Amino acid sequence: MIEGFTALYIFMLSAFTGYEVISRVPVILHTPMMSGSNFVHGIVLVGAIIAMGHAETGLEQFIGFIAVALAAGNAVGGYVATVRMLEMFKSSKKGEA
Amino acid sequence: MSTFIEIVYFAAAVLFILGLKQMSSPVTARGGIVWAGVGMVAASLVAFLEPGVLAHLSNVVLIVIAIAVGSAAAYVTAKRVQMTDMPQMIAIYNGMGGGAAAAIAAVELVKLAGGDHSLGATVQVLAVLGGLIGAVSFSGSAIAFAKLQGLIRKTIRLPMQGMVNLSLFVATLIVGGIIGFGTGASIEMVLIFFVMALVLGVLVTLPIGGADMPVVISLFNAFTGLAVAFEGFVLENAAMIIAGTVVGSSGTLLTQLMAKAMNRQISKVLFSSFGTDSGVAVEEDIEGSMKEIEANDAAIMMAYAEKVVIIPGYGMAVAQAQHKVQELTQLLEERGITVKFAIHPVAGRMPGHMNVLLAEAGVEYDKIMDLDEINPEFPTVDVALVIGANDVVNPVARTNPDSPIYGMPVLNADKAKNCIVIKRGKGSGFSGIENHLFYADNTRMLYGDGQKAVGELVAGLKQL
């Protein structure tokens, strides 16, 4: 479905997108931003589910189980950590709190 | 069905990018993470509908159990962790992502070792590279966590570290190449490949000092992104390719920004440890002595100032002093004194770490200044209050070309009319370099734990 140059184009455009997105981030948001991008690569969970779903041998099941557990930890931990950090900016905007 | 799956992945990718973009402004940031979260849940649910996944019911059960175990562990730890310890938790969650990418690669490599070469050459190369990068990110992040958590205090350094690392890297690639393209590869070789990659991650991270950890964590974050993207190619999954690559490139940029702010080259962070190569020996003699001040006198000094700039560092984070600092700020403002915060880009353990802590305490973010904004103002500042910061206010970075930190941008606290430094003891900073600011004529030292010392200042101000 995604082959050769199509994959390369996706790769290139995504790389530029990532660069552009973060180049406008003020320093005060760098740590939440790092945490947020840490959450985004939790998408590895999708890959882990697919790999585990296709597991045939016991060894593949074992590795797949580790992959899914770790990936879920990445996604959930990354999300909760980011939300907790960003919640702190709530009171900082005058009139909103 | 496959069209539906692709549409959901596409939507998830859009949500991730929009979410990250929203996270780049304090006003929209909280919405941004929710958008990205929606994308994540949707993509994960759809992954179950991928052809073949629902066919093995036992696998599906195991997947659900694995998700429950991993999520529960991460949720509990992320909810409980103190804000000051957040950097090492980011490291550990990042390491988990890297480990997951490596494990996905392992499944593919086990198939390769079993003689299944149906993937094609490019995909085989990417599977090997993704496995290597993911494993390095996993073990490296674990070491970074251990260092920041204080489990490993020493900076361990092998003789010829650079050569050892390079040799191991090349050897790991060769083993990976044999698995990918050789004929006699076995499961044992896959195991050896991953053990080598994990050891490489440990060896790369161990010699790096705590001061450089933010750069390293950011770099491993980018690594994990790249590993996820590579495994995305292997699995032909566009959502993984896009999300992984976006994180890979943004993480690389963030790493560069951080390294630049610390006047460190990424290559030097990775291949040499701080302060051992040069510096310590060429320390110039310091004139003057450290002059102590009592908290009450310091409070009086601040009470009659017009403009006070507070410079927080890691010491404030360790002492959990941010709430006391906010109380101090409010007291000073009630007296009509202008209070601003000066944040060095790498103050604390990560860029923005101080901002998070101050935001937690309720400091309004328009009072918080960047290095470039505040430095021209220092000559008009009556009192610069340094709380647990050291290297980031060391004037030798401007004055002594022999110093290891020469050229690093610093906050020019020494140019303020008066400077009060709250410090736990007389030792030097992370870099081990003496701070000439502490010996300056207009600097007074207030020794004590950050929270206690600021508390005394608050008490002193209330008495006036």
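Tutor: A residue counts as buried under 20% relative accessible area, as exposed over 50%, and as partly exposed in between. The model is predicted, and the search of the whole structure gives nine salt bridges over all chains.

Begin with helix H13 of chain B, residues 322-334. Here B:Glu327 pairs with B:Lys324, and their closest N and O atoms are 3.6 Å apart. That is a salt bridge because the cut-off is a Lys or Arg side-chain nitrogen within 4 Å of an Asp or Glu carboxyl oxygen. The two residues are three apart in the helix, which means a separation of about one helical turn. An α-helix has 3.6 residues a turn, so residues three or four places apart point the same way. B:Lys324 has 28% relative accessibility and therefore counts as partly exposed. B:Glu327, with a relative accessible area of 25%, is partly exposed too.

Helix H17 of chain B, residues 450-463, holds another pair, B:Lys452 and B:Glu456, four residues apart or about one turn. The closest N and O atoms of this salt bridge are 3.6 Å apart. B:Lys452 has a relative accessible area of 54%, so this residue is exposed. B:Glu456 has 34% and is therefore partly exposed.

B:Glu377 and B:Lys340 form a salt bridge through their side chains, at 3.1 Å from N to O. B:Lys340 belongs to strand S2 of chain B (residues 338-342), whereas B:Glu377 is in the loop between helix H15 (371-374) and strand S4 (383-387), so the bridge ties together parts that are 37 residues apart in sequence. Both partners are buried. They also belong to a network of salt bridges that links B:Lys307, B:Lys340 and B:Glu377.

What about the contact between the chains? Between chain A and chain B the count of salt bridges is zero. About 8,100 Å² is buried between the two chains, 78% of it on carbon and sulfur atoms. A:Met34, A:Ile43 and A:Arg84 supply 9% of the area that chain A buries there, more than any other three residues. Polar contacts are present across this interface: 15 residue pairs, both members at pLDDT 80 or more.

One residue of chain A shows the contact in detail. A:Ser37 lies in helix H2 of chain A and has 4% relative accessibility, so this serine counts as buried. Leaving out residues up to four places away in sequence, A:Ser37 touches B:Leu20, B:Asn221, B:Val247 and B:Ser250.

Chain A and chain B have zero salt bridges between them.

Note on methods. Residues are numbered from 1 along each chain as its sequence is written. Chains are lettered from A and ligands numbered from 1 in the order in which they are written. This is a predicted model: local features need pLDDT of at least 70, side-chain atom pairs count only at pLDDT 80 or more; totals for chains, interfaces and linings use all residues. Side-chain values use heavy atoms; hydrogens and water are left out. Buried area is the accessible area (1.4 Å probe) that two parts lose on being put together, summed over both. A polar contact is a pair of N or O atoms within 3.5 Å; within protein, one must be able to donate a hydrogen and the other to accept it, and residues adjacent in sequence count only if both atoms are side-chain atoms. Buried means under 20% relative accessible area, exposed over 50%, partly exposed in between (1.4 Å probe, protein chains only). Contact means heavy atoms within 4.5 Å.
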